[in-house]
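Here is a briefing on side-chain pairing and helix packing. The sequence and structure come first.

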Amino acid sequence: MPEKIKIRPRDEATEKIECYIVENQLQPHDKLPSERHLSELWGFNRMTLRSAITRLVEQGKLYSKLGSGTYVAVPKIKRNLQDLKSLSQVLKEENRELATKTVSREIIESNKQISKSLLVPLGHKVLELTRVRYFDGTPSIIETSYVNISRYPGIEESDFEKKSLYQVLEHDYKVNISHGSEKISVTYATQEEATLLKIKENQAVFFLRGIVVDVNNQPVEYFKSIVRSDMVRFSSILKKEGV
């Protein structure tokens with residue numbers, strides 16, 4: 001007879017909690033029963049149940065309030081790595097609210113990486129724009145964008161809290177954005193990043209870096225983003241060549 005696969009208690013407790021949320025139709029911000037109640041309900045010890053809850057918190061499915069309890073989290077925003085939809089488009093489709101706060105807006109001299117990405121000489125004047133993007137009031141992404149101000153004179157005066165960068169480029173400067181490329185990795189939040197995102201220092205976050213180009217294949221933007229892993233999940237569609 002085939003050997004029966006044994007499920008670890010924490011994995012079983014995790015599944016029980018997720019099933020409980022579905023079966024009881026709990027909505028975001030609904031409170032779970034106490035650890036004691038759930039432990040007695042399913043026969044787990046408190047340590048096992050707490051470990052399962054911690055895992056679901058790390059996955060962004062639950063969140064805890066000190067002295068209050070554990071609650072169902074708002075689902076993560078899904079970002080497709082293969083499209084150029086703006087954040088405002090993505091959140092509108094998911095009936096979520098997006099707000100933006102400008103952290104800094106400076107004219108700087110390009111370093112090697114910026115020059116290579118924007119195809120400008122070393123030391124060329126570029127706009128460095130850093131913003132925090134809020135999902136339903138929660139700081140979720142730090143975006144830093146670099147654009148060649150000689151191509152877009154006066155862009156530094158735009159109100160990037162009311163308009164997105166792409167809206168300004170497309171509507172005010174008639175830029176026809178075509179496509180882009182980006183790389184994604186995992187890093188750890190610095191003290192400054194943690195303060196802006198209201199998370200713990202050294203918490204794991206996504207790091208994105210990429211280039212957006214226009215229909216003439218000219219660089220429009222070089223960007224870097226720090227993304228809270230508990231607020232956003234990334235997806236990609238795999239296609240077999242020739243299909």
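Asp172 is partly exposed, with a relative accessible area of 40%; buried means under 20%, exposed over 50% and partly exposed in between, using a 1.4 Å probe and protein chains only. This is a predicted model, where local features need pLDDT of at least 70, side-chain atom pairs count only at pLDDT 80 or more, and totals for chains, interfaces and linings use all residues. Residues are numbered from 1 along each chain as its sequence is written, and side-chain values use heavy atoms, leaving out hydrogens and water.

**Salt bridges**

- The structure holds 12 salt bridges, each a side-chain nitrogen of Lys or Arg within 4 Å of a carboxyl oxygen of Asp or Glu.
- Asp172 pairs with Lys163, their closest N and O atoms being 4.0 Å apart. Lys163 counts as partly exposed, at 40% relative accessibility.
- Arg46 and Glu35 form a salt bridge at 3.6 Å, N to O. Arg46 lies in helix 3 (residues 46-58) and Glu35 in helix 2 (residues 35-42), so the pair ties together parts 11 residues apart in sequence. Helices (H or I, at least four residues) and strands (E, at least two) are DSSP runs, numbered from the N terminus.
- Arg46 is partly exposed at 35% relative accessibility.
- Glu143 and Arg131 meet in a salt bridge at 3.3 Å, N to O. Glu143 sits in strand 6 (residues 138-148) and Arg131 in strand 5 (residues 125-135), so this pair ties together parts 12 residues apart in sequence. Glu143 and Arg131 are both buried.
- Arg8, Asp11 and Arg55 are linked in a salt-bridge network.

**Helix packing**

- The axes of helix 1 (residues 9-23) and helix 3 come within 8 Å and cross at roughly 65°. Axes are lines fitted to C-alpha atoms, for helices over the stretch in contact, with angles from 0 to 180 degrees between N-to-C directions.
- Contacts (heavy atoms within 4.5 Å) involve residues including Asp11 and Ile17 in helix 1, and Leu49 and Arg55 in helix 3.

**Aromatic pairs**

- There are 4 aromatic pairs. Rings of Phe, Tyr and Trp (its six-membered ring) pair if their centres lie within 6.5 Å; planes under 30 degrees apart count as stacked, over 60 as edge-to-face and the rest as tilted.
- Tyr20 and Trp42 are edge-to-face, at 6.1 Å centre to centre and 80° between the planes. Tyr20 is in helix 1 and Trp42 in helix 2, 22 residues apart.
- Tyr20 is buried, with a relative accessible area of 19%.
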